[in-house]
Amino acid sequence: MNKHLLSVDDLTIDDVNTLFTTAAEMHDVQRREVKKLPALRGRTVINLFFEDSTRTRSSFELAGKWLSADTINLAGKGSSASKGESLRDTVLTIASMGVDALVIRHSASGACHQVAEWVDCSVVNAGDGTHEHPTQALLDAYTLVRRLGTLEDKHIVLVGDLTHSRVFRSNVGLLGRLGARVTVVAPPTLMPSGVEAWSASAGFETSYDLDEVLPKADAVMMLRVQRERMSGGFFPTAREYTVGYGLTRDRLAVLGEEVPICHPGPMNRGLEIAADAADAAQSLILEQVSSGVAVRMSVLYHLLAGEGASA
Amino acid sequence: MTDPILIQGGSLLGGGAADVLVADGVIAAVSTTPGALETTGVRVIDADGLVVLPGLVDLHTHLREPGREDAETIRTGSHAAALGGYTAVLAMANTNPVTDTAEAAERVHELGRQVGVVDVQPVGAVTKGLAGEELAELGLMARSRAGVRVFSDDGRCVQDARVMRRALEYVKAFGGVISQHSQDSSLAGPEACCHEGEISGRLGLTGWPGVAEEVIVARDVMLARHTGSRVHVAHASTAGTVEVLRWARSQGIAVTAEVTPHHLLLTTEELLGYDPTYKVNPPLRPAEDVEALRDALADGTIDAVATDHAPHARHDKQHAFGDAAFGMLGLETALGVVASVMVDSGRLDWAGVARVMSHNPARIAGLGGHGRPIEVGEPAHLTLIDPAASVTVDREASASLSRNNPWHGRTLSAAVHTTLLRGVPTVLEGKLA
């Protein structure tokens with residue numbers, strides 16, 4: 001693996017398979033009474049979150065702690081620019097404390113790529129603006145592989161606010177490489193600019209019609225409508241969005257009982273996903289959270305424990 | 001006054017080699033007969049192989065003084081300008097405080113005069129504090145010792161059509177021109193940091209579409225027609241803008257336009273590494289826009305090349321892309337970029353370069369003493385170019401205080417050999433005199 005995990009593009013398929021194999025072992029550790037491995041004893045991981053997060057930060061924190069790393073959470077509320085210090089100065093200051101890995105979330109796309117150029121330690125992208133969230137994509141794929149056995153030739157449908165979704169950008173890059181056929185569905189106003197050329201070169205499909213796509217899905221991943229990012233009126237009303245693009249009770253019936261439902265959270269119940277769908281038997285939403293710790297343990301382990309190490 | 005200077009054997013535009021004698025700040029003699037002009041008591045510059053141009057004029061420079069002297073001062077910016085072959089620059093108004101009064105304009109003008117290596121002509125703000133609401137003291141700035149003729153809220157667009165209309169009407173009284181930063185804020189708001197297209201979509205950056213420029217250009221063209229006034233389009237960046245300009249010219253509407261060197265050469269592809277050096281406003285556009293801008297400059301639809309020289313302290317660029325400051329350096333490299341893009345490809349000859357980098361900018365800005373033909377009696381603002389040279393840009397070698405140089409490591413064609421302001425060398429053999 002590379003020194004950093006900034007994008008799913010940093011990973012080969014072999015890397016992904018290795019990460020999944022290790023994640024499965026880590027998953028078993030989670031079920032033990034004592035959830036602790038000595039693998040990263042003496043290593044220091046700092047979770048530097050410039051943007052609010054509960055599940056991703058907790059997930060990384062647990063992953064580090066269960067691997068015996070010294071894990072510290074730092075909240076850089078707002079951007080460093082707003083505090084008058086450059087991002088470079090902020091991260092160099094923290095990295096100078098003898099850190100082995102910086103896990104960074106930042107509201108600006110590309111922030112983690114820039115940080116990786118400035119510091120010597122490993123950098124893990126825990127979400128940069130509307131760009132990427134590679135560990136989310138890994139845990140989504142890991143969860144789906146566990147449920148479906150393989151993603152080869154499986155039709156995976158991503159629905160929602162694609163424009164503002166870093167989860168979408170990482171997933172569309174990873175799922176296709178694992179053999180899945182991916183269709184993304186959104187109203188035209190929530191499709192990223194230039195998506196026609198992008199989808200043609202990256203090999204995914206686009207649709208504005210969820211009802212046309214849904215019956216052919218082997219798995220469906222609902223994405224959060226990021227209302228906090230929407231100053232421009234991307235759709236008329238919440239009701240209209242739900243009618244067009246929500247995973248409603250009626251659509252749940254169309255989907256059938258075997259097709260898994262994912263959502264990276266936090267959910268807007270009643271907007272992009274009905275409570276019935278979120279809580280349905282085929283929902284993998286809580287399993288995604290549980291898998292997330294295992295996948296992040298695997299990532300930290302492979303980045304920090306050195307080549308050839310075994311869990 | 002310094003000694004007379006004889007520029008010997010330089011290539012004049014539209015003619016062959018000639019000797020040009022400069023004395024008392026003006027061109028004293030021009031001779032196409034080698035050795036005909038007296039050399040005794042005269043400093044001789046061997047211009048064999050060099051092209052003699054009228055001194056370059058930049059319509060769009062940010063000198064950062066007052067307010068951000070850590071990024072640039074009038075002194076350092078003037079030095080960078082001279083090294084780039086410029087003899088006059090228009091200093092944009094978005095300083096701190098803003099150049100929106102006669103006193104502020106006179107101060108910038110006077111500081112430029114004290115440095116004395118280029119003529120620093122202040123641009124006045126269109127609206128007080130660049131707020132886009134109330135007109136600044138346009139008339140007082142025009143009547144001041146600075147003699148302001150170009151007004152711009154650059155960095156911001158005059159969004160309100162009524163305010164823009166009034167500004168266009170008002171400056172007719174003294175032959176002023178409004179230079180507009182065309183960016184509709186409802187289509188390209190404060191988070192917009194790059195061109196909206198496939199690359200912004202992939203990178204997750206908030207883009208601003210070309211149409212956000214084009215709707216303002218179209219609006220202002222119609223306002224110029226309605227008011228019978230002059231509007232100038234700053235840093236045109238899209239093919240759509242070029243279409244609007246072509247139409248406006250076909251209708252006889254008084255509109256002029258500039259393009260930056262970076263919009264003539266760099267594309268959106270530069271953003272793939274998230275390097276904030278390439279963050280500029282308006283943003284770098286796709287190749288098809290770049291091609292349209294080159295065509296428009298060559299055929300005269302776009303009148304001028306203007307640098308939009310925008311120095312920034314290192315720490316203002318050391319943020320995530322979306323948080324970093326907009327802008328890049330340009331004064332020292334503009335000629336090289338134009339030579340590389342336009343001359344090497346045969347789209348412009350050196351007379352064409354003089355047109356877009358000297359004659360037209362001086363005309364648009366109302367700088368009567370600049371951009372003149374090289375004839376006896378004209379002011380001796382001259383730039384000598386070595387067309388056979390090539391320069392690999394080193395950002396650390398810049399005279400600017402800042403280092404946000406997108407050309408670092410690139411090799412550009414041609415080189416500025418000598419710059420003369422009123423017959424006095426400011427640059428000799430590529431170095432400050």
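**Reading strands, helices and cores**

Me: Across which strands does helix α7 of chain B lie?
Reply: Helix α7 (residues 239–250) of chain B lies across β13 (231–233) and β14 of chain B. The helix runs at about 150° to β14(B). Keep in mind that this is a predicted model.

Me: In what order do the five strands of the open sheet in chain B come?
Reply: Two strands pair if there are at least two bridges between them. Here the order is β9-β10-β13-β14-β15 (chain B), with parallel pairing. The edges are β9 (150–151) and β15 (304–305) of chain B. Each has a single partner strand, so one side of each is left without a neighbour in the sheet.

Me: How many bridges join β14(B) to β15(B)?
Reply: Two bridges join strand β14 (residues 255–259) of chain B to β15(B), and the two run parallel. To find the place by eye, look for Glu258(B), which stands opposite Ala304(B) in β15(B).

Me: In which sense do β1 and β2 of chain B pair?
Reply: Strand β1 (residues 5–12) of chain B pairs with β2(B) in the antiparallel sense, over five bridges. Ile7(B) has Val20(B) of β2(B) as its bridge partner. The hairpin has four residues between the strands, and Gly14(B) takes a positive phi near 75° there.

Me: What joins β2(B) to β3 of chain B?
Reply: Five bridges join β2(B) to strand β3 (residues 26–31) of chain B, again in an antiparallel run. Val22(B) stands opposite Ile27(B) in β3(B). This hairpin has two residues between the strands, with Asp24(B) at a positive phi near 55°.

Me: How many residues of strand β2 of chain B are buried?
Reply: Buried means under 20% relative accessible area. In strand β2 (residues 17–23) of chain B, six of its seven residues are buried.

Me: Which residues have the most contacts inside the largest nonpolar core?
Reply: In soluble globular proteins, nonpolar side chains tend to be buried together. The largest nonpolar core here has 90 residues. Those with the most contacts inside it are Phe151(B), Leu297(B), Ile302(B), Leu335(B), Trp350(B) and Met357(B). Helix α11 (residues 334–343) of chain B gives the largest share, eight residues. Apart from this core lies another, of 85 residues, among them Ala63(A) and Cys262(A).

Me: What is Trp350(B) in contact with, leaving aside its neighbours within four places in sequence?
Reply: The contacts of Trp350(B) include Leu13(B), Val51(B), Leu335(B), Ile385(B) and Ala414(B).

Me: At what angle do the axes of α1 and α5 of chain A cross?
Reply: Two packed helices are described by the angle between their axes and the distance between the axes. For α1 (residues 13–30) and α5 (residues 134–148) of chain A, the axes come within 11 Å and cross at roughly 75°. That makes α1(A) roughly perpendicular to α5(A). The contact includes Phe20(A) and His27(A) of α1(A), and Tyr142(A) and Arg146(A) of α5(A). The residues of this contact divide into nine nonpolar, one polar and one charged.

Me: Is Asn360(B) buried or exposed?
Reply: Asn360(B) counts as buried, at 11% relative accessibility. Its place is in helix α12 (residues 350–365) of chain B. Leaving aside neighbours within four places in sequence, Asn360(B) is in contact with Asp303(B) and Arg355(B).

Me: In which loop is Asp275(B) found?
Reply: Asp275(B) is in the loop between α8 (261–265) and α9 (287–299) of chain B. With a relative accessible area of 31%, Asp275(B) is partly exposed.

Definitions and conventions. Residues numbered from 1 in each chain as written. Chains lettered and ligands numbered in written order. Predicted model: local features only at pLDDT ≥ 70, side-chain atom pairs only at ≥ 80, totals over all residues. Heavy atoms only, no water. Contact = heavy atoms within 4.5 Å. Axes fitted to C-alpha atoms, helices over the stretch in contact; angles between N-to-C directions. Core = buried A, V, L, I, M, F, W, Y, C linked by side-chain atoms within 4.5 Å. Buried < 20%, exposed > 50% of the residue type's maximum accessible area, 1.4 Å probe, protein only. Parallel < 35°, antiparallel > 145°, perpendicular 65-115°, else oblique. Nonpolar A, V, L, I, M, F, W, Y, C, P; charged D, E, K, R; others polar.
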